[in-house]
Amino acid sequence: MFSNNSDKIAFEQIIKTIPCEDEFWRLMELSPKYMERIVSRKPVLEYSQADIINMSKEEYKEKFLKWSNDSADWQLSAYEKFVEWNRNCILEMGEDDRKHLAWLCRRILKWEVINLDMEACCEFGTVGIYFNSLKQLVVYNGR
């Protein structure tokens, strides 16, 4: 997996800047279409009103419980899928790229990386990084 101990340390430094679970759910609320591409779509009860009306009470209960359980499983595993996606993106990088990204992440963890919002003329501390569904690095702030 890692060619040497410094590569493993670089990987661990990068992982520390991946959004925590609370930040992940905030990202899901603010931009669900982008985040759901990474963790797959939330289960949807795929029946029209007419289909539901024509179902027996038992059939509806069975379908609703399945959807409810699928939704609960999705919610429990969505963050883990997100972290796994980011781990895989990091591991696909070359060792030199990981070292450079670790350098950036060490500075993010020390609050030494600032984002500038040119429209509002404000600076915001960078909170962390993650990889989007196109495997592009995203640097984000928590404002």
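1. To begin with the accessibility of Glu 95: this residue is partly exposed, because its relative accessible area is 25%, and a value between 20% and 50% is what that class requires. The model is a predicted one, and the remarks that follow should be read with that in mind.

2. Glu 95 is also a partner in a salt bridge, its side chain meeting that of Lys 99 with an N to O distance of 3.6 Å. The two residues are 4 apart in helix α6, so about one helical turn separates Glu 95 from Lys 99. Lys 99, for its part, has a relative accessibility of 37% and therefore counts as partly exposed.

3. How many salt bridges does a search of the whole structure find? The search returns 3, and the pair formed by Arg 98 and Asp 7 has its closest N and O atoms 2.8 Å apart. Because Arg 98 belongs to helix α6 (residues 95-109) while Asp 7 belongs to helix α1 (residues 5-15), this pair ties together parts that are 91 residues apart in sequence. Arg 98 and Asp 7 are both buried, which deserves a look in the viewer.

4. A salt bridge also joins Glu 92 to Lys 135, with 2.9 Å between the closest N and O atoms. Here too distant parts of the chain are linked, since Glu 92 lies in helix α5 and Lys 135 in the loop between β2 (122-131) and β3 (137-141), 43 residues apart. Glu 92 counts as exposed because its relative accessibility is 53%, whereas Lys 135, at 41%, counts as partly exposed.

5. Helix α6 can be examined as a unit. Within α6, the residues Arg 98, Leu 101, Ala 102, Cys 105 and Ile 108 are buried. Viewed down the helix axis, the buried residues of α6 fall within an arc of 115 degrees, and they therefore line one face of the helix.

6. Two residues call for a check of the backbone. Trp 111 sits in the loop between α6 and β1 (114-117), and its relative accessible area of 56% is why it is classed as exposed. Cys 121, likewise not a glycine, has a positive phi of about 55 degrees. Cys 121 is placed in the loop between β1 and β2, and with a relative accessible area of 66% it is therefore exposed.

7. Finally, which residues form a nonpolar patch on the surface? The patch consists of Tyr 60, Phe 64 and Leu 65, which together have about 250 Å² of accessible area. Leu 65 is located in helix α5 (residues 57-92), and because its relative accessibility is 44%, Leu 65 counts as partly exposed.

Key:
Residues are numbered from 1 along each chain as its sequence is written. This is a predicted model: local features need pLDDT of at least 70, side-chain atom pairs count only at pLDDT 80 or more; totals for chains, interfaces and linings use all residues. Side-chain values use heavy atoms; hydrogens and water are left out. Patches are made of residues with over 30% relative accessible area and no salt bridge: like charges are joined within 9 Å, nonpolar side chains (Val, Leu, Ile, Met, Phe, Trp, Tyr) within 5 Å. Accessible areas come from the Shrake-Rupley method with a 1.4 Å probe; for residues, only the protein chains shown count as cover. A salt bridge is a side-chain nitrogen of Lys or Arg within 4 Å of a carboxyl oxygen of Asp or Glu. Buried means under 20% relative accessible area, exposed over 50%, partly exposed in between (1.4 Å probe, protein chains only). The arc is that of the directions from the helix axis to the C-beta atoms.
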